[in-house]
Structure formats: structure tokens, C-alpha cells
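Have a look at the sequence and the structure, then read on.

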Amino acid sequence: MKWLRNFMIGRNGVDQICIALIIAYFVISMLVTFTGIKELMIIGYVLWGVCLFRILSRDVIKRRKENMIFLQWWNKVSYKFRNKSNEVKSMKTHRIFKCPNCKLKLRVPKGKGKVTITCSRCKTEFSKRT
């Protein structure tokens, strides 16, 4: 194993993009297995090749920049999914309204009847039934 450690010195190694590429490869291979469309496997092989290229690359600075761009994009996507997940979890106990002025989402407890809601951002007041 010492030879592998010596070989990988100065190389990029596995990062988050590589993990995403490997997951995409396995998803595509599952699609090929279930659908029988062999042409999709070409895309999988390309993803696998890009992953190996990134792992063995010696231009670490460039790969880190690419990884940071990917992580910025991924954080935006995952934030939206986490936010929707939290909304679905709180649907039993709360209602969500949008402020008519600034479109901020406001969470109000259910079962309180007609209430006056004050937006925390723009201080607009509006009435809704919970």
C-alpha cells in the first residue's frame, strides 16, 4: 500500500464531485439494467472517466476551484429540498402564508381562527384564517 500512497502524493484524490459522479454512474447503470437501453451506458462510462481523471489529476488548485463551484451549486439545491421538507413536516400544526408585499413566507399556528399577521421584514399587516 505504500506504493499507492506514494503514487497519490500531489494528486487531487476523491472529492465531492467525484462522489456525485460515482452516484450518477450507478444510477445510470441501474437505468440500463431496468430499461435495457445500452446506449445510456456510454454516458456512464464518460462520467466514470471524468471521475478517474479528477482523482489522478495533479492540478489540485484547478480541481479545488471546480469543487467549490459545485459545492456552491449543491448547497443551493439541497437548501431548497431541506426547506420544502421542513414545510411538509410542519403542515399538521402550522399554515404558511406569503406576505402580499415582500413575498416572505410566514408560518402561523393552525386552529387560531382569523388572525392578523405582521410581516417581520416589511411590517405589513394582513388578516388570514388559520
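Lys103 sits in the loop between β1 (94–98) and β2 (105–109); strands here are DSSP runs of E, at least two residues long, and helices are runs of H or I with at least four, both numbered from the N terminus. This lysine has a positive phi of about 65°, although it isn't a glycine. Lys123 is found in the loop between β3 (114–118) and β4 (125–129), and it too has a positive phi, near 65°, without being a glycine. Are these lysines buried or exposed? The table has the numbers, with exposed meaning over 50% relative accessible area, buried under 20% and partly exposed in between (1.4 Å probe, protein chains only).

| Residue | Phi | Relative accessibility |
|---|---|---|
| Lys103 | about 65° | 54%, exposed |
| Lys123 | near 65° | 58%, exposed |

A word on the source: this is a predicted model, where local features need pLDDT of at least 70 and side-chain atom pairs count only at pLDDT 80 or more, while totals for chains, interfaces and linings use all residues. Residues are numbered from 1 along each chain as its sequence is written, and side-chain values use heavy atoms, with hydrogens and water left out.

Now the whole chain. The protein has 4 helices and 4 strands, running α-α-α-α-β-β-β-β from the N terminus on. Its radius of gyration is 24 Å, well over the 14 Å that the globule rule gives for 130 residues, so the protein is more spread out than a compact globule. (That radius is taken over C-alpha atoms, and the rule is 2.2 Å times the number of residues to the power 0.38.) The C-alpha trace spans about 70 × 40 × 25 Å along its principal axes, and buried residues make up 26% of the 130.

What about the inside? The largest nonpolar core has 11 residues, among them Ile17, Cys18, Leu21, Cys51, Ile55 and Phe70. A nonpolar core is a set of buried Ala, Val, Leu, Ile, Met, Phe, Trp, Tyr and Cys residues joined through side-chain atoms within 4.5 Å. Both α2 (16–35) and α3 (40–56) supply at least two residues of this core, and α2 gives the most, with 6. Leaving aside neighbours within four places in sequence, Cys18 is in contact (heavy atoms within 4.5 Å) with Gly13, Cys51, Arg54 and Ile55. There's also a second, separate core of 7 residues, which includes Cys99, Ile117, Cys119 and Phe126.
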